[in-house]
Amino acid sequence: MLRGCGRGAAVVLRGAAGSRGTAGQRQQQQQQQQQQQQGPGAGRPLEPSLLQFLVCPLSKRPLRYEESTNELINEELGIAYPVIDGIPNMIPEAARSTKKRP
Amino acid sequence: MLGPARGLAAGTQTHFGFQSVTEAERREKIYQVFENVAEKYDVMNDSMSLGIHRVWKDILVHKMNPSPGTLLVDVAGGTGDIAFRFINYVRSVRERQLRQKLRNHQNLSWQEISKSYEEGRSNPLGDSQVVVCDINKEMLKAGKQRAQHLGYSEGLSWVLGNAEELPFDDNKFDVYTIAFGIRNVTRIDLALQEAYRVLKPGGRFLCLEFSHVSNPLLSRLYDLYSFQVIPVLGEVIAGDWKSYQYLVESIRRFPPQEELKAMIEDAGFLKVDYQNLNSGIVAIHSGFKL
């Protein structure tokens, strides 16, 4: 888990080194780095700007972002889409049924 | 897992290149093709098209002519070629806008001038955004790495999703692009319907894809090159003859210009038109949600 965070931080730093060096980009990368260090063990968190676009591909209804498990949850249908490496997996076949949770 | 519960039309017959397979098999085979080629995708594109694919993609983005503030969804965007070009384009338009603004205002104070530079620095894309959506995890991973390597981060996000079932809300995007991707979609009609749904009214659909060459001589040369050279390149460079055999066959199987135009119109798009590049080896189809 920590190794993953370290690797993620290293990738961000590499990205910062190769970046076009605008203040805005550097700030955003610093923010991402902070999020990773504070964030959950379930990999990199979701890009916040995506939340304004994303809906459930099945019902086209809004989703709730659950930070603790890094998932996008459709309460109505009882399914959760995972976010892996900051990329949300919105393929219905990959979604987890939340009803199975203890 | 939700797979069995969804009652997919797994049994319907369709094609994989020149083979006849079920829809489910086709999806699986195509997924594997791109999983195999993801690492070498860009190198292969350059060698097979002799670098010309870059020009085709440049033309697509120039045709789009996006202004700062444009929201783009690039479907089957995989390794980010269109997304990066979009970002470069709006960045330079934005820079030109800011320079023009400074030039036109003769009597600016120093405070106003420095504020304008600050504006440029903090919002270089002018709130433009591109969401890259692809069904293949490997292609997205490759794309994300490329983005980090090339220094793209602002205004860019990645989503794993199916073009036939987009995870986006209605009326969200200004432009929808699909470059060399629609050929690999199993139900093109569904993908076109989804494209229509997620576009804002007034939004534009742009599709860049291999098409049909009507000139008989050129057609024969193209066939020769496709069937004799491309799979060999695939084997030599990527160690994968079959994937590139699939590529060539899928191009032959894909509907020609007029037929694709009709399909796009069926989805509800208006003012649908196409532009042939290199005598029809590639075509850009465009339509509007009006």
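This is a predicted model: local features need pLDDT of at least 70, side-chain atom pairs count only at pLDDT 80 or more; totals for chains, interfaces and linings use all residues.

Trainee: Which residues of helix α10 in chain B are buried?

Mentor: Helix α10 covers residues 257–266 of chain B, and its buried residues are B:Q257, B:L260 and B:I264.

Trainee: How are those buried residues arranged around the axis of α10(B)?

Mentor: They fall within an arc of 70° when you look down the axis of α10(B), so they line one face of the helix. An α-helix has 3.6 residues a turn, so residues three or four places apart point the same way.

Trainee: Let's move to α1 of chain B. How many residues does it have, and how far does it reach?

Mentor: Helix α1 of chain B, residues 23–37, has 15 residues. From its first C-alpha to its last it reaches 21 Å, close to the 21 Å expected at 1.5 Å a residue.

Trainee: Which of the residues in α1(B) are buried?

Mentor: B:E23, B:R26, B:I30, B:V33, B:F34 and B:V37 are the buried ones in α1(B). They cover an arc of only 85° around the axis, which puts them on the same side of α1(B).

Trainee: What covers that side?

Mentor: Covering the buried residues of α1(B) are, among others, the strands β1 (13–16) and β2 (19–22) of chain B. The helices α2 (41–48), α6 (137–150) and α9 (241–253) of chain B are also included.

Trainee: OK, zooming out. How many helices and strands does chain B have?

Mentor: Chain B has 10 helices and nine strands. Its radius of gyration is 21 Å, close to the 19 Å that the globule rule gives for 290 residues, so chain B is as compact as a globular protein of that length.

Trainee: What does the C-alpha trace of chain B span?

Mentor: Along its principal axes, the trace spans about 70 × 45 × 35 Å. Of the 290 residues in chain B, 53% are buried. Chain B exposes about 13,400 Å², with carbon and sulfur atoms supplying 53% of that area.

Trainee: And chain A, what's in there?

Mentor: Chain A comes to two helices and five strands, running α-α-β-β-β-β-β from the N terminus on. Buried residues make up 40% of its 102 residues. Chain A exposes about 5,600 Å², and 52% of this comes from carbon and sulfur atoms.

Trainee: What share of the contacts with a separation of 6 or more is between residues 24 or more positions apart?

Mentor: In chain A, such residues account for 33% of those contacts. In chain B the figure is 73%.

Trainee: Switching topic: how many disulfides turn up in the whole structure?

Mentor: A search over all chains finds zero. A:C56 is in no disulfide, and the nearest cysteine sulfur, that of B:C133, is 14 Å away. B:C207 is in no disulfide either, with the sulfur of B:C133 as its nearest cysteine sulfur at 15 Å.

Trainee: Are A:C56 and B:C207 buried or exposed?

Mentor: A:C56 is buried, with a relative accessible area of 0%. B:C207 is buried as well, at 1%.

Definitions and conventions. Residues are numbered from 1 along each chain as its sequence is written. Chains are lettered from A and ligands numbered from 1 in the order in which they are written. Side-chain values use heavy atoms; hydrogens and water are left out. Helices (H or I, at least four residues) and strands (E, at least two) are DSSP runs, numbered from the N terminus. Buried means under 20% relative accessible area, exposed over 50%, partly exposed in between (1.4 Å probe, protein chains only). Contact means heavy atoms within 4.5 Å. Accessible areas come from the Shrake-Rupley method with a 1.4 Å probe; for residues, only the protein chains shown count as cover. A disulfide is a pair of cysteine sulfur atoms within 2.5 Å. The expected span of a helix is 1.5 Å times one less than its number of residues. The arc is that of the directions from the helix axis to the C-beta atoms. The radius of gyration is taken over C-alpha atoms; the globule rule is 2.2 Å times the number of residues to the power 0.38.
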